[in-house]
Amino acid sequence: ANAYLIGGVVSLLERMNERRSAFYRDMDILNAFLKEKGMMYGKLNIDGKLITGTELCQRLRTYYIFKHSQGHLSESFHDILFTCSKNMQSAIAVKMHADDLTKIPYFKDA
């Protein structure tokens with residue numbers, strides 16, 4: 001009976017460790033994406049409110065921590081992105097492509 005109880009505890013600890021490792025792996029993916037795309041620099045408009053790139057990154061990290069706490073794990077940043085609100089997806093897209101958009105005369109002063 002003791003061996004069964006010990007085996008159950010060990011199994012539970014292994015699952016907790018796997019989940020924690022997956023979370024840290026996913027946070028590494030998110031942080032690499034934010035760094036690679038330069039998301040922490042500049043400012044952007046979300047729903048009429050001007051926020052800094054740093055605030056956007058904090059919102060994304062907070063959102064991801066919430067999703068993880070609800071038991072949702074992701075395989076890539078795209079999984080995280082596609083579960084964000086449409087407003088957050090738009091903000092990320094604008095931030096990622098801001099340099100290209102400003103080259104188009106229509107968007108130059110936007």
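**Figure 1. Overview of the predicted protein chain.** Of the 110 residues in the protein chain, 26% count as buried. The structure shown is a predicted model. The protein chain contains 4 helices and 2 strands, and from the N terminus on these elements follow the order α-β-β-α-α-α. Among contacts in the protein chain with a separation of 6 or more, 56% are accounted for by residues 24 or more positions apart.

**Figure 2. Close-up of helix α2, residues 53-69.** Helix α2 comprises 17 residues. From its first C-alpha to its last, α2 reaches 24 Å, close to the 24 Å expected at 1.5 Å a residue. The buried residues of α2 are Gly-53, Leu-56, Cys-57, Leu-60, Tyr-64, Lys-67 and His-68. Viewed down the axis of α2, these buried residues fall within an arc of 110°, and they therefore line one face of the helix. Just after α2, Gly-71 adopts a positive phi of about 95°.

**Figure 3. Close-up of the crossing between helices α2 and α4.** Two packed helices are described by the angle between their axes and the distance between the axes. Helix α4 spans residues 86-102. The axes of α2 and α4 come within 12 Å and cross at roughly 135°, which makes α2 oblique to α4. The crossing of these two helices, α2 and α4, is left-handed.

**Figure 4. Residues that meet where α2 and α4 are in contact.** On the α2 side, the residues involved are Gly-53, Leu-56, Arg-59 and Leu-60. On the α4 side, they are Met-88, Ala-91, Ile-92 and Lys-95. Gly-53, Leu-56 and Leu-60 are also among the buried residues of α2.

Figure 5. Lys-49 has a relative accessible area of 46% and is partly exposed. Leaving aside neighbours within four places in sequence, Lys-49 is in contact with Leu-44 and Arg-59. Arg-59, in α2, is also one of the residues that meet α4.

Note on methods:
Residues are numbered from 1 along each chain as its sequence is written. This is a predicted model: local features need pLDDT of at least 70, side-chain atom pairs count only at pLDDT 80 or more; totals for chains, interfaces and linings use all residues. Side-chain values use heavy atoms; hydrogens and water are left out. The expected span of a helix is 1.5 Å times one less than its number of residues. Buried means under 20% relative accessible area, exposed over 50%, partly exposed in between (1.4 Å probe, protein chains only). The arc is that of the directions from the helix axis to the C-beta atoms. Axes are lines fitted to C-alpha atoms, for helices over the stretch in contact, and angles run from 0 to 180 degrees between N-to-C directions. Angles under 35 degrees count as roughly parallel, over 145 as roughly antiparallel, 65 to 115 as roughly perpendicular and the rest as oblique. A crossing is left-handed if the near helix is turned anticlockwise from the far one by less than a right angle, and right-handed if clockwise. Contact means heavy atoms within 4.5 Å.
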